[in-house]
Amino acid sequence: MLDFLVTTALKLVLLAPPILMALTVHEAAHAWVASRCGDQTARFAGRISLNPLRHLDPAGTLVFFVTAWFGSGIGWAKPVPVDWRNLGNPRRDLALISASGPVVNLACAVILALVLNLLIRLGAFSGAGLFMFYLGQLFVFGVQVNTILAFFNLLPLPPLDGSGIVTGLLPPRAAASYHAFSRYGFAILLALIFLPQVVHGFPDVIAWLVITPARALMAWLLPML
């Protein structure tokens, strides 16, 4: 029992920095791009910040830790406020703002993987002690969390970023119809996350569209694992 508690505490400690970093840079990217596109709502709300406390949603962060524990890492932070009336080209700018979060997460995953691969090539982990072992685990978790968060948010389902990208690409009338669907998005999202775990035979869409491609990318970024 003691060993289990120690292992659990250690894993939570290792998961916390990558999760907080991934969520923070994701939301800060949304806020920064919105500011560049002309809307200062997020800037005035203090969301162009690398302080995790400005971005965390308690429920979304809890879900992130629970799912990350089981190897996926799916969750959400507080949405960045955007007033489309302040944007120069609302449809294009909303798509750019939506895409910025997943793009930054993918960039973080690539950078972390490059640094880890470089450290391995330099022999930093050869015969290293526990500190270097856990440092390596932090890098691996960082790549995992950022990659899965990026793919998850690209799902074209409100309120995820993929829905904002789709809205920006659709013709105005189709975009309006698609936007009306947003009222059901969160309920559908929760169903897709949890029903495959409790209902036998329920299709695991998240695994098909998020976990599988994310793991394929991670296998390419971290071929030594």
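**Salt bridges, cores and rings**

Reply: Let me begin with R85, which counts as exposed at 61% relative accessibility (buried means under 20% relative accessible area, exposed over 50%, partly exposed in between, with a 1.4 Å probe and protein chains only). This is a predicted model, where local features need pLDDT of at least 70 and side-chain atom pairs count only at pLDDT 80 or more, while totals for chains, interfaces and linings use all residues. Residues are numbered from 1 along each chain as its sequence is written, and side-chain values use heavy atoms, with hydrogens and water left out.

Me: What does R85 form a salt bridge with?
Reply: Its partner is D83, with the closest N and O atoms 2.9 Å apart. A salt bridge here is a side-chain nitrogen of Lys or Arg within 4 Å of a carboxyl oxygen of Asp or Glu. D83 is buried, at a relative accessible area of 18%.

Me: How many salt bridges does a search of the whole structure find?
Reply: The search finds 3. One of them joins the side chains of R92 and D93, at 2.8 Å from N to O. R92 is partly exposed at 48%, and D93 is buried at 1%.

Me: And E27, which residue does it form a salt bridge with?
Reply: E27 pairs with R47, and their closest N and O atoms are 3.9 Å apart. Helices are DSSP runs (H or I, at least four residues), as are strands (E, at least two), numbered from the N terminus.

Me: Are E27 and R47 buried or exposed?
Reply: E27 counts as buried at 7% relative accessibility, and R47 counts as buried at 5%.

Me: What else does R47 meet through its side chain?
Reply: A polar contact of 3.0 Å joins the side chains of R47 and H55. A polar contact is a pair of N or O atoms within 3.5 Å; within protein, one must be able to donate a hydrogen and the other to accept it, and residues adjacent in sequence count only if both atoms are side-chain atoms.

Me: Where does H55 lie, then?
Reply: H55 is in the loop between α2 and α3, and it is buried, with a relative accessible area of 0%. Leaving aside residues up to four places away in sequence, H55 touches T24, E27, A28, R47, S49, A77 and K78, where contact means heavy atoms within 4.5 Å.

Me: Switching to the nonpolar side: which residues touch the most other members of the largest core?
Reply: That core has 25 residues, and I74, V143, I148, F152, I206, V210 and L222 touch the most other members. The elements giving two or more residues to it are α4 (90–121), α5 (130–153), α8 (185–198) and α9 (205–221). α9 gives the most, with 6 residues. A nonpolar core is a set of buried Ala, Val, Leu, Ile, Met, Phe, Trp, Tyr and Cys residues joined through side-chain atoms within 4.5 Å.

Me: What does I206 touch?
Reply: Not counting residues up to four places away in sequence, I206 touches I74, F152, L155, L192, I193 and I211. There is also a second, separate core of 13 residues, which includes L15, A16, A77 and L149.

Me: How many aromatic pairs does the structure hold?
Reply: It holds 2. The ring centres of F133 and Y134 are 5.2 Å apart with their planes at 70°, so that pair is edge-to-face. Y178 and F181 make a tilted pair, 6.4 Å centre to centre and 35° between the planes. Rings of Phe, Tyr and Trp (its six-membered ring) pair if their centres lie within 6.5 Å; planes under 30 degrees apart count as stacked, over 60 as edge-to-face and the rest as tilted.

Me: Which peptide bond is cis?
Reply: The one joining P158 and P159, with omega about 10°. P159 sits in the loop between α5 and α6 (161–169).

Me: Last one: where is confidence lowest and where is it highest?
Reply: It is lowest in α3, at a mean pLDDT of 76, and highest in α2, at 96. The protein chain averages 88, and 92% of the residues score at least 70. pLDDT is the predictor's confidence in each residue, from 0 to 100.
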